[in-house]
Amino acid sequence: MAAGAAASFGLMDKAYFVGRGEILSWVNATLQLSLNKVEEAASGAVQCQLLDMVHPGLVPMHKVNFDAKTEYDMIQNYKIIQDVFNKLRIGKNIEVNKLVKGRPLDNLEFLQWLKRYCDSVNGGIMNENYNPVERRSKGCKERSHKGPNKSTKSLQANRLSSANSADGGALNSNTDLASPIGKVVNAVNEEHYMEQIQQLSEKIADLKVSVDNTEKERDFYFSKLRDIEILCQRPELEHLPMTKGIRKILYAADAKDSSLPEANEIITRSPGMFSDEAE
């Protein structure tokens, strides 16, 4: 497939039915990363390297900021992606304002599209000599891809362990929350709540993806039914028994009972039907 045709992937393309887990597994295996959530790719650095993998030498990897934390730094990465798209004549619209916010659904859809594009280049055959770790380390700032919650939790656990050792290893209900130990307890509780919020946020993101896919499937089948309805309204066809039977099914008001028997009866009882068999 030509690069310029890449933006023609429709909403019903199989690319947009690839799940979050499969996308993460593909990114991690391809680039030797350890992303836990699609929104960890919100900086655009991962997308830059995926393009570098399928188009060696086209992406200025020395300009890619793998440590981008601010929206300004992230936008610079997306400018690189846009420049590459322009060179390849790819008309894909990049919704940078949504992506840099770390919105799971938007980042998932962009990665879904990018996977579909990478699979379309050279038949999905990847360069075996491509070393993703080396490409990041040469001229690019190395970035830790572990989630912030894990490192924060580890740090707080170490602080709690040190505080327990200094205090004899015990915490009781009379602990002064204003004391150093009390502050550590507060930090651990806050971490626990943050983890719960994160888990719920991920569930909401998954539900949004499910709803979005369901709506796309609904629109797909509705368009098919609409095409059938338009065909049945043609003057030369609307009087035919078969057309009447189809319209009987299309316009059935009761969703519980099948209208197929009535449609069959209309077709069977129509004059001229099965006349050859009767003879």
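Biologist: In this predicted model, how many of the ten residues of helix α2 are buried?

Modeller: A residue is counted as buried when its relative accessible area is under 20%, and in the predicted model the residues of α2 that pass this test run from A45, V46, Q47, C48 and Q49 to L50, L51, D52, M53 and V54. Helix α2 is therefore described as mostly covered under that cut-off, and the number of its ten residues that are buried is ten.

Biologist: Which helices are included in what covers the buried residues of α2?

Modeller: The cover is found by looking for contact, that is, for heavy atoms within 4.5 Å. For the buried residues of α2, what covers them includes α1 (20-31), α3, α5 and α6 (132-137).

Biologist: Is α2 roughly parallel or roughly antiparallel to α3?

Modeller: Two packed helices are described by the angle between their axes and the distance between the axes. Helix α2, residues 45-54, and helix α3, residues 71-88, have axes 8 Å apart and pack at an angle of about 30 degrees. Because angles under 35 degrees count as roughly parallel, the arrangement of α2 and α3 is roughly parallel.

Biologist: Is α2 roughly parallel or roughly perpendicular to α5?

Modeller: Helix α5 covers residues 104-120, and the axes of α2 and α5 lie 11 Å apart, with an angle of about 5 degrees between the two helices. Since an angle under 35 degrees falls in the parallel class, α2 and α5 are roughly parallel.

Biologist: Which residues of α5 make the contact with α2?

Modeller: From α2 the contact draws on Q47, L50, L51, M53 and V54. By class, the contact of α2 with α5 holds nine nonpolar residues, one polar residue and no charged residues. The partners on the side of α5 are F110, L111, L114, Y117 and C118.

How values were computed:
Residues are numbered from 1 along each chain as its sequence is written. This is a predicted model: local features need pLDDT of at least 70, side-chain atom pairs count only at pLDDT 80 or more; totals for chains, interfaces and linings use all residues. Side-chain values use heavy atoms; hydrogens and water are left out. Axes are lines fitted to C-alpha atoms, for helices over the stretch in contact, and angles run from 0 to 180 degrees between N-to-C directions. Helices (H or I, at least four residues) and strands (E, at least two) are DSSP runs, numbered from the N terminus. Angles under 35 degrees count as roughly parallel, over 145 as roughly antiparallel, 65 to 115 as roughly perpendicular and the rest as oblique. Ala, Val, Leu, Ile, Met, Phe, Trp, Tyr, Cys and Pro count as nonpolar, Asp, Glu, Lys and Arg as charged, and the others, Gly among them, as polar. Buried means under 20% relative accessible area, exposed over 50%, partly exposed in between (1.4 Å probe, protein chains only).
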